[in-house]
Amino acid sequence: MTYLNIGIDVAKNSHQACLVDEHGKQIGKYIRLENSRSSIESFREIVEAVAIKMNAIPRIGMEATGIYWYPIYNALSDWYEMNLYNPSQIRGFAQVNIRGTKTDKIDAKTIANMMGFGEAPKTSFEDKNRMEIKEYSRFHFKLKSELINLKRRFLRNVHMIFPGYDQFFSNVFGKTSKAILSKAPDPTDLLEMEEEKLFELMKENSRNYYTREKARELRDKARDAITSDFVKEPVIFELKVLSKLIEELEKQIKETENRILEIWGRVKDKHYLQTIPGITELKAAMIWGEIGEVENFKHPDQLVAFSGFDPKVKKSGQK
């Protein structure tokens, strides 16, 4: 079986393609590919003409990095065998070039030649379920990071307006604490609130967890607190805005998790990650979304390396 190997160097707006035969000899000029149907059709016409002339089967290799390969991969995968390579693999293969020259065209040729040295690592990018979980999971991570930053800012403002408040509640973002801050964000506001009203507010939002004595203790803390009056108004305004942002972000995180679990529910019977003690359904789905089929890794060390957690050893002479 004769192959026509095609390497594509992926970029944001346009890509470079290089065609080589099984001996690594370049065929024709480099081809510029745009992210458009017309460009894909023109590219396919060239590839098919060369493949017929060589009596060869075309196959494509590209670097799987960032997000820019998604559209071009999707557009060509219906027609050709696709091979995806890790950027580190391409860099390693390219090091045989002593000159060290690097351009988009050279990268395309490097990828094309790589396919002549064995199969690319098995991938499951064609699995729509896994790709959707992976995308949702990475968005989930971004949302959680944003939530952490908002909460840090919120705690900073609480400390400015009511030092020591965060020591009274084990969770400042709990239902009871948020209810109090919405009614009385300032120690003065808390003291103006009747003790009985404060107690009822705490009792209602904590399902009878807090006692009347706890309400009295909070009022005593407010009476003894020092605050920054000269920035009180902007800080309280920011607290109100941050509270709404945090609440909305938490809803979006929950919705994202539900979407992940909905997809996972369709495929989890084929996998066993969720049977590991300490691994929840959500974590199992996220792990599968990132690593794909565990069977692709012949040894645990390969999975560790894929995850980027393996220590790297550098030794030279006595150092």
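**Ground rules.** I am working on a predicted model, where local features need pLDDT of at least 70, side-chain atom pairs count only at pLDDT 80 or more, and totals for chains, interfaces and linings use all residues. Residues are numbered from 1 along each chain as its sequence is written, and side-chain values use heavy atoms, with hydrogens and water left out.

**Entry 1: Arg130.** Arg130 sits in helix H5, residues 128-161. My helices (H or I, at least four residues) and strands (E, at least two) are DSSP runs, numbered from the N terminus. Arg130 counts as buried because its relative accessibility is 4%. For the record, buried is under 20% relative accessible area, exposed is over 50%, and partly exposed is in between (1.4 Å probe, protein chains only).

**Entry 2: the other end of that contact.** I then looked at helix H12, residues 281-291, where Gly289 is among the buried residues, along with Leu282, Ala284, Ala285, Met286, Trp288 and Ile291. The buried residues of H12 pack against H5, H11 and helix H13 (300-307), with contact meaning heavy atoms within 4.5 Å. Just after H12, Gly292 has a positive phi of about 75°. Asp127 lies in the loop between helix H4 (104-114) and H5, and I noted it as partly exposed because its relative accessible area is 22%.

**Entry 3: the sheet.** I found an open sheet of 5 strands in the order E3-E2-E1-E4-E5, with mixed pairing. Its edges are strand E3 (31-34) and strand E5 (81-85), each of which pairs on one side only. Neighbouring strands are turned by 30° against each other on average, direction ignored. I count two strands as paired if DSSP finds at least two bridges between them.

- E1 and E4 are parallel, over 6 bridges, and Ile6 has Ile60 in E4 as its bridge partner.
- E1 and E2 are antiparallel, over 5 bridges; Ile8 is partnered by Ala17 in E2, and the two strands form a hairpin with 4 residues between them.
- E2 (residues 14-20) and E3 run antiparallel and are joined by 4 bridges, with Ser14 opposite Glu34 in E3.

**Entry 4: is E1 covered on one face or both?** Both faces are covered: Tyr3, Asn5, Gly7 and Asp9 are buried on one side, and Leu4, Ile6 and Ile8 on the other. Helix H1 (residues 37-54) lies across E1 (3-9), E2, E3 and E4 (57-63), at about 150° to E1. Helix H2 (residues 69-76) lies across E1, E2, E3, E4 and E5, at about 165° to E4. These angles run from 0 to 180 degrees between N-to-C directions, with axes as lines fitted to C-alpha atoms, for helices over the stretch in contact.

**Entry 5: nonpolar cores.** I used sets of buried Ala, Val, Leu, Ile, Met, Phe, Trp, Tyr and Cys residues joined through side-chain atoms within 4.5 Å. The largest has 33 residues, and those with the most contacts inside it include Phe154, Tyr165 and Leu218. H11 gives the largest share, 7 residues. A second, separate core of 24 residues includes Ala56, Ile60, Trp69 and Met131. Not counting residues up to four places away in sequence, Tyr165 touches Val158, Val172, Ser177, Ile180, Leu181 and Leu218.

**Entry 6: positive phi.** Most residues other than glycine have a negative phi, so I looked up two exceptions. Asn55 has phi near 55°, in the loop between H1 and E4. Asn55 counts as exposed because its relative accessibility is 68%. Arg207 also has phi near 55°, in the loop between H9 and H10, and counts as exposed at 78%.

**Entry 7: the record.** UniProt's unreviewed entry lists a "coiled-coil region" at residues 239-266; positions are in the numbering used here, feature names are shortened, and annotations may be inferred rather than shown by experiment. In the model that span is 100% helix and 0% strand, with its end C-alpha atoms 41 Å apart.
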